[in-house]
Amino acid sequence: MTSLLTFSSFSLAGLSEPIVDYHIKAKLIPEEKSVLGEEELTWINDSNKYISELQFHLYLNAFKNSRSTFMKERGGVPRKLRSNRKNWGYIEIDKIQVKDGPDLTSTIEYLQPDDDNKDDQTVAKVALPRPVPPQGKITLHIDFYSKLPRVVARAGYHKDFYFVAQWFPKIGVLWKGEWNCHQYHANSEFFADFGVYRVEITVPEGFVVGATGKRIEASRNEDDTITYTHFQENVHDFAWTACPNFVEFRKNYSLENPPVDTEMILLIHRSHRNQRQRYLSALKNAIEFYSQNYGPYPYPTVTLVDPPLGGLGAGGMEYPTLFTSLAFSWMPKGVYMTEMVTIHEFGHGYWYGIIGSNEFEEAWLDEGINSYSEIKAMKKYYGEDSSMFNIHDVKISDLVFHRLRIIASSRMDPILKNSWDYYSGATYGINVYSKAAFMLLTLENYLGEDVMSEIMKTFYERWKFKHPTSQDFIALAEEVSGRDLGWFFDQFLSSPDKLDYAIGKLRSREVKEPEGILEGEQGLFEETEREEAQAQEKKYRNEVVVVRKGELIFPQEILITFEEGEEIREEWDGKERWKRFVYLRPYRLKSAQVDPDNKVLLDNNFLNNSRVLKPKKISPLKCALDLMFKFQAFLAFVSF
Amino acid sequence: MKVLASYGGGIKEATLQPKMIIILWLRNFIFGLALFYLFFRLLTWTIGNSVLADRLLEGFDFSVFFELLVHHDESINLLLTVGFVLILLYFLVSIFLYGGILSILTLPPEAKEERRRLAQTFFQGAGKFFGRFFRLSIYALILWVAFILINLLLNSLGKFLTGNGSNEWIGFYFFWIRVAIGLFLVFLIRMILDYSRIEIVILDSRAVFLSLFKAIKLVFQKFGKTLALYYLLVLTGITVIIVFWLAKPYLPAFSSPWMTMLIAFLVAQLFIAFQGWLKIAFQSAQLVFYIGLTAV
């Protein structure tokens, strides 16, 4: 081997106690669309139990046949796979043995901990000849062969583009004394232990390679291949990509406060070269936003991969220090899809990558917190009203897109649920992405931006590399804010119901003097005296009724505006089904508005949040006239 | 027959037919008004009571639009259904009016009595040819089916050229080529139908299918000229659309929003009236061209 470049080893200040240590040698075989691998895995038993079996993820088997849990959950086999036998993907363990010890290959047994689908082979266990004692370690040597599928979901190949993810036997997480090793599901993403990865990737010459971690060595081999060695500590997965049509751009990024020094690596497909600047700019914004709002980006590299059009199945997916986005060469500048996906996927590097929550069981801790961060970042860099689309007069924000998903959704699932137990892929997405993000935005508006910022920073700092749960997040939010938030999270995390407050009634009536023969302080009223009194001072009984239409409860603020300009702000705990506010004034009220500052973003219907006493005619008229003209022009065009 | 002379003759004749322009405008206005009324009621009912209504004054607001779409989907569906029914009715009325317009345009100069009783002549012609033109519309489905088949063929060709969509730039350019081809075919079919109707009126023919066939033959025999004339008229329409579009920002703004709306409404109706004028110019110019051909 001829050494092309060698970097000195470096350390990431030992942020997590490594549970796993992988040393993998992988060779890409383009003719077979496969990877031949050798893995040396050292695993530490971090529990206080003796462990007599090990469990592994064999995730490429999700693409092995139509009977896998993944295929069944997604409702059928994609045409891309079905069209050719060579398009399927799988992983075979040729040999697994304890280093310098017994061969365990014959003990491999497939497990289906989530759904008892006996045909699913995405999780396997091996029996150990001797249990691993608490804090003991074991080193295994594994020979494996990974046949990559045509890319349909997250990993695979398209022509000469390879995205190699979930590709090696990856040990499960021994969590709370039990194996937490879930099958590969259509909805869910992943969960694994932190550790050290050293991976040697051998590809034919001409391939451009990107991978998790920093490249520490590149050497040319005698068989016209090149071996790239990547190394990274404090990560829980390793993915890589190779394609001769990638163009590589490297740029250093540093920030003074907080201190960040990293290298941005963009692997852009040749057909998208014109999109280079928007990728780099979005990535720079992402690093800046996350570093300033949560904590400094800790890794020496970040690799952004741009898949080709046919490989978009791998687009928009995150792995430690490497992620994919997507772009089209013809995409107009005002469409911020590339920016949004880039910021979103980079953000996963924090919540999925560094925090490392269990995405199978509590996906919102990654997807929800990340969507919350994405909405805020998009607003900051691309405008409050135009963060997704800004062409001519048409502006749409990222927030509005998320909101549309929420308000149009059914009440089938809550935010917190096992990812594979959702009613459908759509309800999974709506709940763990959008609804969870809106829950956090609503919480931010309730607690105040400063408090929320402190919660997020503390959460990141305290729980990085530690696999926190929802309860950990709630406890931390309560601790930082100094408030009981159980009522909030109990409702919004666990209930599929909706939040909807409305102005139910608005009335203003002139107060009439009592009629008939009445006893007053000064004896009987005279008719003429009463008329005179009325003429002097008219009074109105102004009545506002606020109603709770949804099942969920949230304290409300109500703004009542009067004709003379007077404004009153009322507060209501929102617990009862309705609340009446009455005001006696010499003038009529004009309007009433629940949540006037638009803080309760989870409110399901903004149209009923306000009411005016005199219905507005001019704006409906203008809107209807606009539509009328468009319809007229359409008719004029399509007919003679 | 010269294309430019036909074009000039058509423009002149259309300009001399203010009553017909008014009829065409009125047709369009009534249908527009029907949808306007429904939409106005819907908006007043759904958003008129909300302070969000003010946001509609500032232009199209997607957040309000999405709320409407989700929370009043049944009303929106009703609106779409009514819109669809209106479009169908509009087609029927248009078929009816064709006969009237062509009856007036084909009046010989010596038909003074008919010219004096223009409305009567118009509606007599409309009634007389409605059945035939309706049949023509049914027969024209053959052309529209051919149009769909060509599009499907282009779709397959596109997939082949772009490697099933993986070559973005080819795909992008091919998309626009398809749009151009699609528009060209639409205009071609409309042109054929125009000549077919002219043939039916001039010859007072009941052989509708034959007239369609003869129109196809005529168009392809004089392909360059028929096309040139049609696209001159299309260009006239596009020019005016551009002028309207460029002039839109310069419309006077008044302190009263009612006044601003009124001016915008009047300009919009002027634009629709121009479309009526253009439709007559299309018929008239092609009629002049057709007569010139048959006279030779």
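Over how many bridges do β26(A) and strand β29 of chain A pair? Keep that in mind for the first view. Everything here comes from a predicted model, where local features need pLDDT of at least 70, side-chain atom pairs count only at pLDDT 80 or more, and totals for chains, interfaces and linings use all residues. Residues are numbered from 1 along each chain as its sequence is written, while chains are lettered from A and ligands numbered from 1 in the order in which they are written.

**View 1. β26(A) and β29(A) pair up in the antiparallel sense.** The two are joined over 9 bridges, with β29 covering residues 540-548. Strands here are DSSP runs of E, at least two residues long, and helices are runs of H or I, at least four, numbered from the N terminus; two strands pair if DSSP finds at least two bridges between them. Look for Ser508(A), which sits opposite Asn542(A) in β29(A).

**View 2. An open sheet of 3 strands in chain A runs in the order β26-β29-β32.** Its pairing is antiparallel. β26 (501-510) and β32 (578-585) are at the edges with a single partner strand each, so one side of each has no neighbour in the sheet. From one strand to the next, the twist averages 15 degrees (axes are lines fitted to C-alpha atoms, and angles run from 0 to 180 degrees between N-to-C directions).

**View 3. Chain B has 11 helices and 0 strands.** Its C-alpha trace spans about 70 × 60 × 35 Å along its principal axes. Of its 296 residues, 32% count as buried, meaning 20 or more other C-beta atoms, placed from the backbone, lie within 10 Å of the residue's own.

Note on methods
A residue is buried if 20 or more other C-beta atoms lie within 10 Å of its own, exposed if 12 or fewer, and partly exposed in between; C-beta atoms are placed from the backbone.
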